Amino acid sequence: MTSSNRQPIPAASPVIGEEEIEAAVRVMRSGRVVQGPEVAAFEEGFSELVDGRHCVAVNSGTSALHLLLLAAGIGPGDEVIVPSFSFAATANVVRLVGADPVFADIEADTFCLDPAAVEAAITPRTAAIMPVHLYGHPAAMDKIMAIADQHKLAVVEDACQAHAAALNGTPVGAFGVGGTFSFYPTKNMHSLEGGMISTGDAEIARTLRLLRNQGMEQRYANEIVGCNMRLTDVAAAVGRVQLGKLQGWTEQRIANAAYLSEHITAPNVTTPVVAEGARHIYHQYTIRVSGDRDAAMARLTEAGVGNAVYYPTPIHRLRPFWEPDQKAGRHWDLPETERAAAEVFSLPVHPSLSQDDLERIVTAVNELGENL
């Protein structure tokens, strides 16, 4: 494989176009820049993605998870079942509300929580299950919801990578007590930075609105102890522009992924699996390699094809979780999580890819051959 003089293909390509810039400037000139009409309009527009559920905008996806756990009544003494194969925020927020994350293994093909592992992890202290729709593939929500209903557990969806993903026609964020989305710049849509919470419960929605704004609905009439996790109107205006483009971008991601899966034929590479009934929206196009992953990634980088590992260290092995669990005598047996962390990495799939880019990616991956 030889390096190319052409520009490298980035692993991700955040879009900030003239429409986004004009929207931000318009809001700044208006003087209504925090928790104003743009935020309300963004919430109303996003509601259409989640079957008309109440939507509450906040300043990040992590804040969305944090506040939803609080609003759902999760706290000290509770356990929340989460995957370890995810970004650390998934477990961080459990600790931030004083609860304990219980790590369950993932399915080998979808990288999402394994329902059988979830059921095996339930204890008398279990209060909630937090499935992550990882890489944009929906978790097995039909089975997870059945388990939750049987054991009377809350389900909090981490849909931070899964805007417009669905299972059997139901969008993610419309299954459990609530769902959360991130608008970080590398997500399928963004608001520079921000998050959204969806819920079908009007009382939880009101509690969320209080929690994000110092516990008050009316100025200086504080009802509960709250936070400052508001979304700015500048960010919301950018998000509204991006929301209008999301459907087209999503279809392009799906088309790009289909091309890659059809044409990648390297024998030591496994392309993404899509479960029956799932709409995978490919926040990441994640492959497995059965040989030397570091060597494969280095060769792709040399060929000008961006790539990255999400996530090289499972959460249960990160110091803030490993050390307390060791002291408590907890030892997690997560073979599929460990295997995925050692074998996967992601290729470019974003909608800015050209046909030439797609062909270059396919050629570079197939040239990896069997010699890794």
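Modeller: Two strands pair if DSSP finds at least two bridges between them, and helices (H or I, at least four residues) and strands (E, at least two) are DSSP runs numbered from the N terminus. This is a predicted model, in which local features need pLDDT of at least 70 and side-chain atom pairs count only at pLDDT 80 or more, while totals for chains, interfaces and linings use all residues. Residues are numbered from 1 along each chain as its sequence is written, and side-chain values use heavy atoms, without hydrogens and water.

Colleague: How many bridges pair strand β8 with β9?

Modeller: Within this pair, Thr 180 stands opposite Ile 197 in β9, and Gly 179 faces Ser 198 of β9. Strand β8 (residues 178-182) runs antiparallel to β9, and the number of bridges between them is four.

Colleague: How many residues of strand β9 are buried?

Modeller: Buried here means under 20% relative accessible area with a 1.4 Å probe, counting protein chains only. On one side of β9, Gly 195, Ile 197 and Thr 199 are buried, and on the other so are Met 196 and Ser 198, which leaves both faces covered. Strand β9 (residues 195-199) is therefore largely enclosed by the rest of the structure, the buried residues numbering five of the five.

Colleague: Which strands stand at the edges of the sheet?

Modeller: The sheet is open and of mixed pairing, and its seven strands follow the order β1-β9-β8-β5-β4-β2-β3. Two strands have a single partner each, so one side of each is left without a neighbour in the sheet, and these are β1 and β3.

Colleague: What angle does the direction of α3 make with that of β8?

Modeller: Angles run from 0 to 180 degrees between N-to-C directions of axes fitted to C-alpha atoms, for helices over the stretch in contact, where contact means heavy atoms within 4.5 Å. Helix α3 packs on the sheet and touches β1, β5, β8 and β9, and its angle with β8 is about 165°.

Colleague: At what angle to β3 does α4 run?

Modeller: The buried residues of helix α4 (residues 89-96) are Ala 89, Thr 90, Ala 91, Val 93 and Val 94. Those residues pack against α3 (61-71), β2 (79-83), β3 (100-104), β5 (154-158) and α10 (319-327). Helix α4 lies across β2, β3 and β5, and its angle to β3 is about 150°.

Terms used:
Buried means under 20% relative accessible area, exposed over 50%, partly exposed in between (1.4 Å probe, protein chains only).
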